[in-house]
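Me: I am new to this structure. Please show me how to read a few of its features.

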Amino acid sequence: MLFRSLTVDIRLQLRARDILDRHLQDAGALRGSVVVLDAASGGVLALVSAPAPDPRAAHTPDELLDRARYGEYPPGSTFKLVTAIAALRLDPELKHRTFLCHTLPDGRAGNTIAGWNRPIKDDIGDRAHGTLDMEKAITVSCNAYFAQLGVHDVGSKALAETAAQFGISTGDPADLRRNLPFASYGQGAVLVSPFKMARVAAAIAAGGKMPEGRWVGDESNSRSDAPVDVLPVEQAQFLAGAMRRVVLEGTAMHVMAGTPVSMAGKTGTAQLDEGMPHAWFTGFAPYEGDSPRLAFAVLVEHGGYGGRVAAPIAREVMEAARDLGLLR
């Protein structure tokens with residue numbers, strides 16, 4: 001009989017499962033996922049897909065889907081991290097690039113881009129952000145900023161190539177060009193799994209080196225490639241700092257207030273043609289200190305706003321990791 005050694009920490013796996021199930025019930029949502037991995041090695045510590053199928057019953061393929069690894073979803077604003085990486089790979093000085101977010105005729109915050117008929121709008125209730133740079137745009141999650149950055153500085157080719165390094169699909173190249181403003185903030189044909197989004201956060205946490213990610217810990221593991229350099233250390237540190245601001249003063253500020261874990265993250269609310277948006281939160285911990293960093297991604301299907309629904313799950317999972325001695 002063949003036995004394999006897994007990287008999964010069963011204590012964290014069970015805690016993450018219970019946390020996710022409880023929050024799904026509270027939110028009236030049915031499906032979601034949590035992924036936690038070691039940012040340096042890529043070893044997966046928790047890989048939760050809900051609902052878990054009952055082994056005693058028959059199930060549809062959808063019910064058996066491992067959402068953590070194989071579910072594909074529009075990432076919403078978590079994808080702004082990928083657009084930012086694409087920009088910084090082209091020119092590190094683009095972190096100082098500024099764009100305007102103002103009040104549109106209908107009262108929404110956003111902007112228009114020449115050549116595209118649809119205006120870019122931020123979430124309902126958002127105030128116009130004024131003139132802002134990349135760090136501030138990540139902090140407040142400004143759609144108008146990243147739409148303009150994608151069109152004017154990144155372009156569809158560089159965005160698709162950067163996303164491909166993370167294994168993220170941006171769809172047909174012609175469609176990407178036609179929908180570039182919206183793809184640049186994670187809408188349109190962009191699709192990603194929670195596992196792959198956790199790898200984006202891991203690459204930033206690990207100084208620009210993206211781990212392949214693995215869940216088998218012995219010699220039978222086939223996912224043994226070395227981490228890939230996706231961004232210079234200085235630029236990864238810049239993005240990590242912007243993600244820390246998300247937690248301290250941005251879109252996750254209220255949910256993260258009072259947590260004993262030093263976290264950095266990015267909220268995401270992926271709008272859909274029908275139903276409530278998918279709620280996302282991705283990031284890493286600790287931001288400060290010498291503890292090994294854990295990267296994570298949380299998804300709640302049709303959960304609503306990422307900062308309200310997914311971020312609290314991430315907070316509890318990272319606090320559980322701290323209680324278990326996995327974080328210091």
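**Reading helices and contacts**

Reply: Start with a helix pair. The axes of α1 and helix α12 (residues 306–323) come within 10 Å and cross at roughly 155°. Axes are lines fitted to C-alpha atoms, for helices over the stretch in contact, with angles from 0 to 180 degrees between N-to-C directions. Helices are DSSP runs (H or I, at least four residues), numbered from the N terminus. This is a predicted model: local features need pLDDT of at least 70, side-chain atom pairs count only at pLDDT 80 or more, and totals for chains, interfaces and linings use all residues. Residues are numbered from 1 along each chain as its sequence is written, and side-chain values use heavy atoms, leaving out hydrogens and water.

Me: How are α1 and α12 oriented to each other?

Reply: Angles over 145 degrees count as roughly antiparallel. So α1 and α12 are roughly antiparallel to each other.

Me: Which residues of α1 and α12 make the contact?

Reply: Contact means heavy atoms within 4.5 Å. Among them are Leu12 and Ile19 of α1, and Val309 and Ile313 of α12.

Me: Is Gln25 buried or exposed?

Reply: Exposed means over 50% relative accessible area, buried under 20% (1.4 Å probe, protein chains only). Gln25 lies in helix α1 (residues 10–27). Gln25 counts as exposed because its relative accessibility is 66%.

Me: And where is Glu301?

Reply: Glu301 sits in the loop between β11 (294–300) and α12. Glu301 is buried, at 11% relative accessible area.

Me: What joins the side chains of Glu301 and Arg67?

Reply: A polar contact of 2.7 Å. Such a contact is a pair of N or O atoms within 3.5 Å; within protein, one must be able to donate a hydrogen and the other to accept it, and residues adjacent in sequence count only if both atoms are side-chain atoms.

Terms used: Helix = DSSP H or I, 4+ residues; strand = E, 2+ residues; numbered from the N terminus. Parallel < 35°, antiparallel > 145°, perpendicular 65-115°, else oblique.
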